Amino acid sequence: MHFPVTAGLLKRTVGHVKAVDGVSFTIKRGQILGVVGESGSGKSTLGNCVLGLLDYTDGEIYYEGQELKSIPKKAMKRLRNRLQAISQDPFSSMDPRMDIAAIVTEGLSIHDMVKGKKEKEEIAARMLEMVGINPAFMHRFPHEFSGGQRQRISIARTLALQPNFIVCDEIVSALDVSIQAQIVNLMEKLQQELNLTYIFIGHDLSVVRHISDGIAVMYLGKIVELSPAKELYQNPLHPYTKSLISAAPIPDPAVDKKRERILLQGEIPSPMHPPEGCRFCTRCPYAAAVCHEAEPEFTEVSPGHFTACHFVDKTGFHPGKGA
Ligand code: SF4
């Protein structure tokens, strides 16, 4: 997904922001793929592409065997309910004058999928109960709820549309740490009960780790490591993944003291001017000459575990040995 950058009165294209560039992955039904990386790494753009919300520049996205762009508009409209997103800030998308029963069933009303007040209230009650909100509160307004409760209401609104694939985009980032765990647990429970499939986006590996079957680590528009979740924690290979894991909090001070720390210098570069060679070379503590010249290939080092680094092979990460 490359966005054109324009300048001047004539809006001439002067460059492109390569927001997501050459990524490839598969998510099986009923699985959760965690996507992590700093802001500006392309996580949300990736999510929006997968939902068919962006006119992606190149490549193919298949949903149940059908390429999204090949689906006729009418069929895509019907499919839209199956492919849903939950965002970080539910409050901004809630009309403050609507009670939460109306908010939860809003999507159904728009698509004429529900008739009459009674049916709406029945559905709202069921959905609210499912997400842990007392249905007796259904005629209250969004401002009467806490941030965590509003996120639950937003989840209920999404579930009312009966999706089977949901992009959860930083849905706990704005919440207190204690509430974050509750929402993650709720999403996990719903996934199991309804056999949902998620892309679970976060910038904090410690949040994403518990819920995900697999994890994709993104840096500057690329997936630099993709692996089953457990394997990623036990055997992170890419220096960027290692740095994210080393920054994640560990409750045991003894383990915390012993672990390897990789502190990154500086900020993520602009995706309009990504570095030559490996995109991580300007911040990687192991960067060698080859890293500034050639882009590392994204290769499978063990079953389901892919990474892109010149110094990783099937036997592990060997910095400084030459590529
Ligand atoms: Fe670091 Fe080089 Fe590996 Fe990139 S290819 S992650 S710069 S060691």
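The questions and answers below go through a predicted model, from the whole chain down to single residues.

User: What should I know about numbering, confidence cut-offs and atoms?
Analyst: Residues are numbered from 1 along each chain as its sequence is written, and side-chain values use heavy atoms, with hydrogens and water left out. In this predicted model, totals for chains, interfaces and linings use all residues, local features need pLDDT of at least 70, and side-chain atom pairs count only at pLDDT 80 or more.

User: How many helices and strands does the chain have?
Analyst: Elements are DSSP runs numbered from the N terminus: helices are H or I with at least four residues, strands are E with at least two. By that count the chain has twelve helices and 14 strands.

User: What is the radius of gyration, and how does the chain compare with a globular protein of that length?
Analyst: The radius is taken over C-alpha atoms, and the globule rule is 2.2 Å times the number of residues to the power 0.38. For 323 residues the rule gives 20 Å; the chain is close to that, so it is as compact as a globular protein of that length, with a radius of gyration of 22 Å.

User: What percentage of the residues is buried?
Analyst: Buried means under 20% relative accessible area, exposed over 50%, and partly exposed in between (1.4 Å probe, protein chains only). Of the 323 residues in the chain, the buried share is 47%.

User: What percentage of contacts between residues at least 6 apart joins residues at least 24 apart?
Analyst: A contact means heavy atoms within 4.5 Å. Among contacts between residues at least 6 apart in sequence, the share joining residues at least 24 apart is 60%.

User: Which residues touch the most other members of the largest nonpolar core?
Analyst: Such a core is a set of buried Ala, Val, Leu, Ile, Met, Phe, Trp, Tyr and Cys residues joined through side-chain atoms within 4.5 Å. The largest one has 66 residues. Apart from it lies another core, of 24 residues, including Tyr-63 and Ile-223. In the largest core, the residues asked for are Ile-153, Ile-155, Met-187, Leu-190, Tyr-198, Phe-200 and Ile-215.

User: Why is helix α10 described as largely enclosed by the rest of the structure?
Analyst: Its cover includes β3, α8, β9, β10, α9 and β14. Pro-239, Tyr-240 and Lys-242 are among its buried residues. Helix α10 (residues 239-247) is largely enclosed because its buried residues number eight of nine.

User: Which strands pair with β10?
Analyst: Strands pair if DSSP finds at least two bridges between them. β9 runs antiparallel to β10, with six bridges, and Val-217 stands opposite Glu-225 there. Two bridges make a further antiparallel link, where Leu-226 faces Phe-306. The partners are β9 and β12.

User: Which residue in the turn between β9 and β10 has a positive phi?
Analyst: The two strands form a hairpin with two residues between them. The phi in question is about 50 degrees, and it belongs to Leu-220.

User: Is Ser-41 buried or exposed?
Analyst: Ser-41 sits in the loop between β3 (32-36) and α1 (43-50). Beyond its neighbours within four places in sequence, its contacts are Ala-19, Met-218, Tyr-219, Leu-220, Gly-221 and Ile-268. Its relative accessibility is 0%, so Ser-41 counts as buried.

User: What is the distance from the backbone oxygen of Glu-38 to a polar atom of the side chain of Ser-41?
Analyst: A polar contact is a pair of N or O atoms within 3.5 Å; within protein, one must be able to donate a hydrogen and the other to accept it, and residues adjacent in sequence count only if both atoms are side-chain atoms. Here the distance is 2.7 Å.

User: Is Lys-11 buried or exposed?
Analyst: Lys-11 lies in the loop between β1 and β2. Its phi is positive, about 50 degrees, although it is not a glycine. At 57% relative accessibility, Lys-11 counts as exposed.

User: What is the relative accessible area of Glu-64?
Analyst: Glu-64 is in the loop between β4 (62-63) and β5 (66-67). Its phi is near 45 degrees, positive in a residue other than glycine. Glu-64 is exposed, with a relative accessible area of 52%.
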